[in-house]
Amino acid sequence: MALVSKIVDNSKVKFALYNRYLGKRMNMKFKNMAVLATVVTGLTCVSGCSEAPSSVAVVGDREVTQEEVNSYLAYKRLSNVDQQTKDRAVEHFLDNIALVEAITKQPDFDSNRVAAELFELKKDVIISRYLNTYLEQAVSDTQVRNYYAQNQEKYQSKQAKVAHILVRVSPDADESVRQAKLTQAQQAYSRISTGEDFATVAQQLSEDRVSASKGGQLGWVAEGAISPVFSKAVFEDLQSEQVSAPIMTEFGFHIIKLEQPPKTVRQPFESVAGNIKRILRKAAKDAELERLKKSIKIEK
C-alpha cells in the first residue's frame, strides 16, 4: 500500500486520531489507510501546520509518536533521503510494530525472557556508546606520547647479531646419543678453531637448515627472547667476532658466533603508539566503570 505524500489539514489529523477509538468497528484495510495517512501528516507537516500532533499513527493499542518515527529514520540513516524512500521506510516501521504487537498478544509469549534479552542488548549498546564517547576525550595523543616518554624501558631492548651451528639432540635421547652428538659438535668447533670459515662449516654441518643456508645467520636477536643459556653466552660471555665452544640448550648443541656486540635498540613511537593507546584506554575504561558503579547505591 503506497503512502500518501501530501500535507493534510488539521481536520484530517483529528479524524485519523479519532479512528483509534473506532478501530474495532472499522474495516482493517480502511484502518491501515488512516494510520498511514496520519504518519504522512506527521512527517510532512512542518511550517505549514500550526501545531504538530503528539501521535502520528495508531497501531493496534499503541500510539506511534513523531519522535519515534524520527529516531527510526535517523537510526536507518534515512533522515535526508527523498520523501518516497521515507514513506516506504515508515510503512515498514509500522508493519514491524504491528507484527510485534500481534506476537506479544499470543498466549505462549514469554515477556520476561524477552525483557531479559532486551536488557542485555540495551546494556551493551548504552555502555558501548558511552565509553566510545568518553574514551575519545579521556585519552589524548599527548597522553600517549607522555606514556611513551615515561616508560622508555618498556620499549627498548638489548639486541646482538649472531650466527650459530646447531647439532640437534632429541629431548628423550639417551646418554650415548648425547655423547655422539657432542662429539659431532666438537668436531665442527675444531674446524672453526683451526681457521675454517664459520659460514662454510655452518652450511655443511648445521642441522638448522634455515639458518645453515645463510651461513648460520640468525640476524639480530633480543635479550631474553631466546634460551637463557644461549642468551647468557651472547649477552654476557662472548666478545665481538668470538665463537663459543658447544653449549647445550633444549634444542641440542650450539656453536655461537657473536657477529656484532649487543646494543640498545628503541622501538619508534609510531610502532608502539597503537598499543600504548589501548593500554591507556583500558585503564581509563576500568576506572570510569568503577566510578559509575559506585555512584549508584544497590540495596539487597
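Colleague: At what angle do helix α7 and helix α8 pack?
Modeller: This is a predicted model. Helix α7 covers residues 175-193, and helix α8 covers residues 198-205. Their axes lie 9 Å apart, and the packing angle is about 155 degrees.

Colleague: Is α7 roughly parallel or roughly antiparallel to α8?
Modeller: The angle between helix α7 and helix α8 is about 155 degrees. Angles over 145 count as roughly antiparallel. That makes α7, relative to α8, roughly antiparallel.

Colleague: Which residues of α7 and α8 make the contact?
Modeller: The crossing of these two helices, α7 and α8, is right-handed. From α7 come A188, R191 and I192. From α8 come F198, V201, Q204 and L205.

Colleague: How many nonpolar residues does the contact of α7 with α8 have?
Modeller: Sorted by class, the contact of α7 with α8 has one charged and one polar residue. The nonpolar residues there number five.

Colleague: How are α3 and α4 set to each other, roughly parallel or roughly perpendicular?
Modeller: The axes of α3 and α4 come within 11 Å. They cross at roughly 110 degrees. The range for roughly perpendicular is 65 to 115 degrees. So α3 and α4 are roughly perpendicular.

Colleague: Which residues in α4 meet α3?
Modeller: α3 and α4 make a right-handed crossing. On the α3 side stand E68, V69, Y72 and L73. In α4 they meet K86, A89, V90, H92 and F93.

Colleague: How many charged residues does the contact of α3 with α4 have?
Modeller: By class, six residues in the contact of α3 with α4 are nonpolar, and one is polar. The charged residues number two.

Colleague: Which residue in the loop between α3 and α4 is listed with its place there, and is it buried or exposed?
Modeller: The loop between α3 (66-75) and α4 (83-104) holds R77. R77 is not a glycine, yet its phi is positive, about 60 degrees. Its relative accessibility is 76%, and exposed means over 50%. R77 therefore counts as exposed.

Colleague: What is the phi of E241, and how does its accessibility count?
Modeller: E241 sits in the loop between α10 (228-237) and β5 (247-249). E241 is not a glycine, but its phi is positive, at about 75 degrees. At 49% relative accessibility, E241 counts as partly exposed.

Colleague: Which residues in α11 meet α5?
Modeller: α5 passes α11 in a right-handed crossing. The α5 side has I127, Y130, L131, N132, Y134, L135, E136 and A138. In α11 they meet R281, A284, K285, E288, L289, R291 and L292.

Colleague: How many charged residues does the contact of α5 with α11 have?
Modeller: By class, nine residues in the contact of α5 with α11 are nonpolar, and one is polar. The charged residues number five.

Colleague: How is the aromatic pair of Y130 and Y134 arranged, stacked or edge-to-face?
Modeller: Y130 and Y134 both lie in helix α5, four residues apart, about one turn of the helix. Their rings are 6.1 Å centre to centre, with 10 degrees between the planes. Planes under 30 degrees apart count as stacked. The pair is stacked.

Colleague: How do Y130 and Y134 count by accessibility?
Modeller: Y130 has 35% relative accessibility and counts as partly exposed. Y134, at 27%, also counts as partly exposed.

Colleague: How does the pair of Y148 and Y155 count, stacked or tilted?
Modeller: The ring centres of Y148 and Y155 are 5.9 Å apart. Their planes stand at 35 degrees, so the pair is tilted.

Colleague: How much of the protein counts as buried?
Modeller: The protein has 11 helices and six strands. Of its 300 residues, the share that counts as buried is 33%.

Notes:
Residues are numbered from 1 along each chain as its sequence is written. This is a predicted model: local features need pLDDT of at least 70, side-chain atom pairs count only at pLDDT 80 or more; totals for chains, interfaces and linings use all residues. Side-chain values use heavy atoms; hydrogens and water are left out. A crossing is left-handed if the near helix is turned anticlockwise from the far one by less than a right angle, and right-handed if clockwise. Contact means heavy atoms within 4.5 Å. Ala, Val, Leu, Ile, Met, Phe, Trp, Tyr, Cys and Pro count as nonpolar, Asp, Glu, Lys and Arg as charged, and the others, Gly among them, as polar. Rings of Phe, Tyr and Trp (its six-membered ring) pair if their centres lie within 6.5 Å; planes under 30 degrees apart count as stacked, over 60 as edge-to-face and the rest as tilted. Buried means under 20% relative accessible area, exposed over 50%, partly exposed in between (1.4 Å probe, protein chains only). Axes are lines fitted to C-alpha atoms, for helices over the stretch in contact, and angles run from 0 to 180 degrees between N-to-C directions. Angles under 35 degrees count as roughly parallel, over 145 as roughly antiparallel, 65 to 115 as roughly perpendicular and the rest as oblique.
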